[in-house]
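I opened my notebook to look up a few things in one protein chain. Here is what went on the page, entry by entry.

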Amino acid sequence: MAADAVQGGTFLSFMAEGTLLYQRGEYEKALIYFNNALKLRPGDKYALVARSKCYLRLGDTQNSLKDAEASLQNDKTFSKGLYQKAETLYTMGDFEFALVFYHRGYRLRPELQKFRLGIEKSQEAIINCVGSPSSVKLENKADLCFISRQAESKQADQKLQVKLTPDQKQTKKKEQVRNQKTERQLLGELYADKAYLEKLLKDEDLMESSTRQGIKVADLVLDGISYLDTRSEFWQQQKPIYARVRERKLRQQRWIRDKKQTPAEIGRYIVKNMEDIDMLLSGESPEESCKKAERVLKTIQGWSDDEVPNKNEIIGNLHSCIGNAQFEMGQMEAALRSHKVDLALARQNKLPDALSRALDNIGRVYARIGKFEQAIESWEEKIPLAKSSLEKTWLFHEIGRCYLKLNKAEAAQKYGQRSLQSADEEGDVEWQLHAYVLMAQAQVNLKNYRSAIINFEKALEKATLIHNEAAQNAIIIALDDVSKSFIEELREKREEREAYSPKERDFSPATSKESLEKYREESELSIKSQDAEKQKEAGGNYKEEPGDNKEGGNETEIKEESREEEKGSEGEEKESEGEKEESEGGEKSQEEPGGDGKQPDPAPG
């Protein structure tokens, strides 16, 4: 079913889907997608590393190592390939070779904490296996007879080895490994599973049965037991029982010693534990980092202010570490509470660096849970506290992204420009790329397609400069979409201009003649109506005599009203005469000389 579902697609889609499945823990399905991606691009180093991770999670260390080495075939300095090969070798128990590749990666990328963590865990595993050189004490004695006794014992061992058959050796080795007390300590919770599988082996009827796929139950049970034996051997190599006992004793001694410490010892304790907390968090172990930070926090809270002068600052830093670990684990509400405690301590003790850190972390949490307005508020408060141009670049970019999510494209464009300005000051090409993309996306929302195309092209140049193939492909797709929208906008504007163009108006002779005749008729009707009103008004004024008002009105008022009416009638006569002259001029322009619309008589010879 899964194989049929991934027949069609692109390299990037296969990689994205495989990565998502890997993060969900569905390694077998992820493996199918990575295989399809490698069919489209054979030898791609990123796909090989991704498939190597899947093989390693599935317990197939041989194929995992094979893919990791293939990713380094063309590029020996590929950091992800070096790390994956080192991890595979470490899982296989080859701690010395793993240490070599951890060191190679650390020399190439010293800023990556995972290489540093790999070096430390490999060294610890080697010391646990062979012992520390400092624990070996050599004594120089005059009596060297022990050499002869050592040679005699060696000869006896050789004779004994000759007598033992290979099967006997294997049996003896298994007997040594299958010490119940040792296995219980090595396997821990898995010991009960192994005991259950061994109990199933005694059920003969069950062992003879098969599953629906035709696999024998006995084979499945034996595979499970074999896997647990292999893991117990690996864990025994990584940290033997004596090393576990020694570590427990050292922990107890450290606990007793921590009760009474000098200020210098307290300082070293804090620094060491803070480094361990950061290392665990960067090494993709947020749960362990959170637990360790909580333990250290509890310890420091038990100390007095005299023992730890900057106690509040350290407590705030630990709350910040706990919040970051909770953020990585997806516990957003708990992370927000921890960062707010850090913020309150920073405000209370007037610590600008801690205040900047807390505002930064609170903004990240708000942005992750979709509360973009609160994130903007936190980050804008942090702006005056930013110390470097690079920090401002990141800050302006994140604020712009939040405004873009809120559909406030103008504000997003403004912060994109500020981010670009800071990136130019720092000379950071990667952040210049991010700023150009942000500005272009905001301009697309503002339908300023021309400027968006220009900024996407600049972003593409930056992506090409830093060899970021994923960014190049995404920008090319975005450019294609914006170009289509720009062409559509130009087409609509052209259609609007054509709709209001004078070319589409009808100026034919027939239409002009009809409109002129209609205008002539309307003007004649208006003239006739005005003449009729004039005659009525003149007749009325002539018949009416002063003093004929039945209501006894004032004659002077009547005269004044009649004068005003006469003035109005004179003005209307002038207007009607002007309209009449205009209409007559229009008629003369239409009629031929002669006035009756007929052809004039020819002039006498």
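Predicted model: local features only at pLDDT ≥ 70, side-chain atom pairs only at ≥ 80, totals over all residues.

**Entry 1: The whole chain**

I started with burial: of the 605 residues in the chain, 32% are buried. Buried means under 20% relative accessible area, exposed means over 50%, and partly exposed lies in between (1.4 Å probe, protein chains only).

Residues are numbered from 1 along each chain as its sequence is written, and side-chain values use heavy atoms, with hydrogens and water left out.

Next I looked up the helices and strands: the chain has 28 helices and 0 strands. These are DSSP runs numbered from the N terminus, with helices (H or I) of at least four residues and strands (E) of at least two.

I also looked up the accessible surface, which comes to about 40400 Å², with 49% of it belonging to carbon and sulfur atoms. The areas come from the Shrake-Rupley method with a 1.4 Å probe, and for residues only the protein chains shown count as cover.

Then came contacts, meaning heavy atoms within 4.5 Å. Of the contacts in the chain with a separation of 6 or more, 54% are between residues 24 or more positions apart.

**Entry 2: The nonpolar cores**

Which residues touch the most other members of the largest nonpolar core? I found Ile399 and Tyr403, in a core of 30 residues. A nonpolar core is a set of buried Ala, Val, Leu, Ile, Met, Phe, Trp, Tyr and Cys residues joined through side-chain atoms within 4.5 Å.

The elements giving two or more residues to this core are helix 19, helix 20, helix 21 (372-382), helix 22, helix 23 and helix 24 (429-445). Helix 20 gives the largest share, 7 residues. I see that domain 3 (262-385) and domain 4 (394-497) each supply at least three residues; the domain bounds come from an automatic or database domain assignment.

Leaving out residues up to four places away in sequence, I listed what Ile399 touches: Ile376, Trp379, Glu380, Ile383 and Tyr415. Another core, of 19 residues, lies apart from the largest one, and its members include Tyr269, Cys290, Ile322 and Leu345.

**Entry 3: Salt bridges**

How many salt bridges does a search of the whole structure find? My page says 15. A salt bridge is a side-chain nitrogen of Lys or Arg within 4 Å of a carboxyl oxygen of Asp or Glu.

I picked out Arg51 and Asp67, whose closest N and O atoms are 2.8 Å apart. This pair links distant parts of the chain, with Arg51 in helix 4 (residues 45-57) and Asp67 in helix 5 (residues 61-71), 16 residues apart. Both Arg51 and Asp67 are buried.

Lys382 pairs with Glu391, with 2.6 Å between the closest N and O atoms. Lys382 is buried at 2% relative accessibility, whereas Glu391 is partly exposed at 23%.

**Entry 4: Positive phi**

Most residues other than glycine have a negative phi, so I looked for exceptions. Lys350 has a phi near 55° and is found in the loop between helix 19 (332-349) and helix 20 (352-368). Asn407 has a phi near 60°, and its place is in the loop between helix 22 (389-405) and helix 23 (409-426).
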